[in-house]
Amino acid sequence: MLSKLLIAPPLMGRELHLRRCASLLVLKLKIVTLGPPISHHGPSPSLLFDEMFGVNADIIRESAPPSLRNITITFMHHGVWNADFVAELEALPSWAALDSAISEIRALKTLTCIMDTDRKSDLNAHIKKSNRNVGRIPAYRIASDLAAAGDNRYASVVWKMLPRMRESGKLRILEILE
């Protein structure tokens with residue numbers, strides 16, 4: 001019996017067939033963003049981030065079974081925060097699709113957003129540390145109040161950009177302390 005499923009990174013271009021998984025109660029997703037400095041070779045970082053958000057919205061909209069009670073999204077960020085990056089993140093069109101897709105799940109009790117930020121280690125070390133945390137609960141603090149007050153930048157963006165979930169009272173934001 002499958003009751004939890006972790007999907008990370010997004011399954012670009014692949015279909016998931018989860019609708020018939022009647023015992024699936026928890027869906028875990030991961031969204032990775034990189035702050036400055038970002039190499040500007042290739043596609044714009046905002047296009048890549050928007051595609052990641054959109055793919056996660058599609059997974060939820062097209063594949064979430066009616067039994068789903070909790071969605072956990074780990075927002076993993078590596079790098080520096082500055083006003084330009086925050087503005088770019090807030091301007092992503094796929095936030096609305098993500099908020100809409102999640103809010104359409106009737107049985108959903110909670111959307112848990114886990115803020116996993118790291119500015120010190122290199123990106124590969126951060127990813128390895130994050131992957132080691134799968135299956136265990138790292139030390140965290142509840143960041144919903146910090147987000148509402150604007151005291152945690154990434155949490156504040158999530159709080160602002162998921163209005164349907166926030167207004168429904170189902171949005172819970174946690175910040176990893178490790």
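Visitor: Why is Phe53 called buried?

Guide: Phe53 has a relative accessibility of 0%. Buried means under 20% relative accessible area, exposed over 50% and partly exposed in between, with a 1.4 Å probe and protein chains only, so Phe53 counts as buried. The model is predicted: local features need pLDDT of at least 70, side-chain atom pairs count only at pLDDT 80 or more, and totals for chains, interfaces and linings use all residues. Residues are numbered from 1 along each chain as its sequence is written, and side-chain values use heavy atoms, with hydrogens and water left out.

Visitor: How many aromatic pairs does the rule give?

Guide: The count is 3 aromatic pairs. Rings of Phe, Tyr and Trp (its six-membered ring) pair if their centres lie within 6.5 Å; planes under 30 degrees apart are stacked, over 60 edge-to-face and the rest tilted.

Visitor: What makes the pair of Phe53 and Phe75 tilted?

Guide: The ring centres of Phe53 and Phe75 are 6.2 Å apart and the planes stand at 50 degrees, so the pair is tilted. Phe53 belongs to helix α1 (residues 45-63) and Phe75 to strand β3, 22 residues apart. Helices (H or I, at least four residues) and strands (E, at least two) are DSSP runs, numbered from the N terminus.

Visitor: Why is the pair of Phe53 and Trp95 called edge-to-face?

Guide: For Phe53 and Trp95 the centres are 4.6 Å apart and the planes are at 65 degrees, so the pair is edge-to-face. Phe53 lies in helix α1 and Trp95 in helix α3, so the pair ties together parts 42 residues apart in sequence. Ring pairs link Phe53, Phe75 and Trp95 into a cluster.

Visitor: How do you know that strand β3 is largely enclosed by the rest of the structure?

Guide: In β3 (residues 70-78), 9 of the 9 residues are buried, so the strand is largely enclosed. Both faces are covered, with Phe75 among the buried residues of one side and Met76 among those of the other. Strand β2 (residues 26-34) pairs with β3 in the parallel sense over 9 bridges; strands pair if DSSP finds at least two bridges between them.

Visitor: What makes helix α3 mostly covered?

Guide: Of the 10 residues of α3 (residues 94-103), 7 are buried, including Trp95 and Asp99.

Visitor: Why does Met165 count as buried?

Guide: The relative accessibility of Met165 is 1%, so Met165 counts as buried. Met165 lies in helix α7 (residues 163-168). Beyond its neighbours within four places in sequence, Met165 is in contact (heavy atoms within 4.5 Å) with residues including Asp99 and Ile102.
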